[in-house]
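Please examine the sequence and the three-dimensional structure shown below.

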Amino acid sequence: MAIQAQDLIDRLASHAQSLGLFDRVNKHEPKNKPGRGLTCAVWIDRIEPAAGRGGLAATSARVVFNVRVYTNMLQEPQDAIDPNVMNAVDLLFEAYSNDFQLGGTDRWIDLMGATQGHPLFAQSGYINIDNMVYRVMTLTVPAIVENAWPQAA
């Protein structure tokens, strides 16, 4: 079956775009300043076999994505920075929960951690890009692709 990487990235990004919160949604990690308002970016973190999935005929894949929300940490009012970022993450969690099958029955977001590793989660932090500091929350989005790679004896 294969992973169908572009379709997975497109689907994760389309959820962010559909929210109408972001000035831009990138399908890559930004190399330069993301902009003034909220920005979202989607990119791959890792690919591995999905523990406890698949069988003797095929291996299922666990494809982990980063979905990061960015905003300038020097904007005013400063008390609104974290609530704005948290609201965006909350709405992304809701969107991913409402379409956890990513448009098909043979792949799904591992919302609760049924396979190895972490479930869907977000971690806050700061990042410096082009000498500008951004407040960020990075979602870890594990997607399971059933029967991604055929096995042969």
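The dialogue below moves from the overall fold to individual residues.

Tutor: Two conventions apply first: this is a predicted model, in which local features need pLDDT of at least 70, side-chain atom pairs count only at pLDDT 80 or more, and totals for chains, interfaces and linings use all residues. Residues are numbered from 1 along each chain as its sequence is written, and side-chain values use heavy atoms, with hydrogens and water left out.

Student: In what order do the elements of the protein chain run from the N terminus on?

Tutor: Helices (H or I, at least four residues) and strands (E, at least two) are DSSP runs, numbered from the N terminus. The protein chain contains two helices and six strands. Their order from the N terminus is α-β-β-β-α-β-β-β.

Student: What is the radius of gyration of the protein chain, and what does the globule rule give for 153 residues?

Tutor: The radius of gyration is taken over C-alpha atoms, and the globule rule is 2.2 Å times the number of residues to the power 0.38. The C-alpha trace spans about 60 × 30 × 25 Å along its principal axes. The chain is as compact as a globular protein of that length, because the rule gives 15 Å for 153 residues and the radius of gyration is close to this, at 17 Å.

Student: Among contacts between residues at least 6 apart in sequence, what percentage joins residues at least 24 apart?

Tutor: Contact means heavy atoms within 4.5 Å. Among contacts in the protein chain between residues at least 6 apart in sequence, the share joining residues at least 24 apart is 65%.

Student: Is leucine 12 buried or exposed, and what is its relative accessible area?

Tutor: Buried means under 20% relative accessible area, exposed over 50%, and partly exposed in between (1.4 Å probe, protein chains only). Leucine 12 lies in helix 1, residues 5–18. Residues up to four places away in sequence aside, Leucine 12 touches Val42, Phe65, Tyr96, Leu102, Ile109 and Val141. Leucine 12 is therefore classed as buried, its relative accessible area being 1%.

Student: Which residues does valine 141 contact, leaving aside its neighbours within four places in sequence?

Tutor: Valine 141 is among the residues that touch the most other members of the largest core. With neighbours within four places in sequence left aside, the contacts of valine 141 are Leu12, Val63, Val64, Phe65, Val67, Tyr96, Ile109 and Leu120.

Student: Does asparagine 66 count as buried or exposed, and at what relative accessibility?

Tutor: Asparagine 66 belongs to strand 3, residues 58–72. Apart from residues up to four places away in sequence, asparagine 66 touches Ala41, Val42, Trp43, Asp45, Thr138, Leu139 and Thr140. Asparagine 66 counts as buried, because its relative accessibility is 11%.

Student: What distance separates the C-alpha atoms of glutamate 29 and tryptophan 43?

Tutor: Glutamate 29 lies in the loop between strand 1 (24–26) and strand 2, and counts as partly exposed at 31% relative accessibility. Residues up to four places away in sequence not being counted, glutamate 29 touches Trp43, Arg68 and Tyr70. Glutamate 29 and tryptophan 43 are 14 residues apart along the chain, and their C-alpha atoms are separated by 6.1 Å.

Student: What is omega for the cis peptide bond that joins glutamate 76 and proline 77?

Tutor: Proline 77 lies in the loop between strand 3 and helix 2. For the cis bond joining glutamate 76 to proline 77, omega is about -5°.

Student: Where is asparagine 147 found, and what is its phi near?

Tutor: Asparagine 147 is found in strand 6 and is partly exposed, with a relative accessible area of 42%. Phi of asparagine 147 is positive, although the residue is other than glycine, with a value near 50°.

Note on methods: A nonpolar core is a set of buried Ala, Val, Leu, Ile, Met, Phe, Trp, Tyr and Cys residues joined through side-chain atoms within 4.5 Å.
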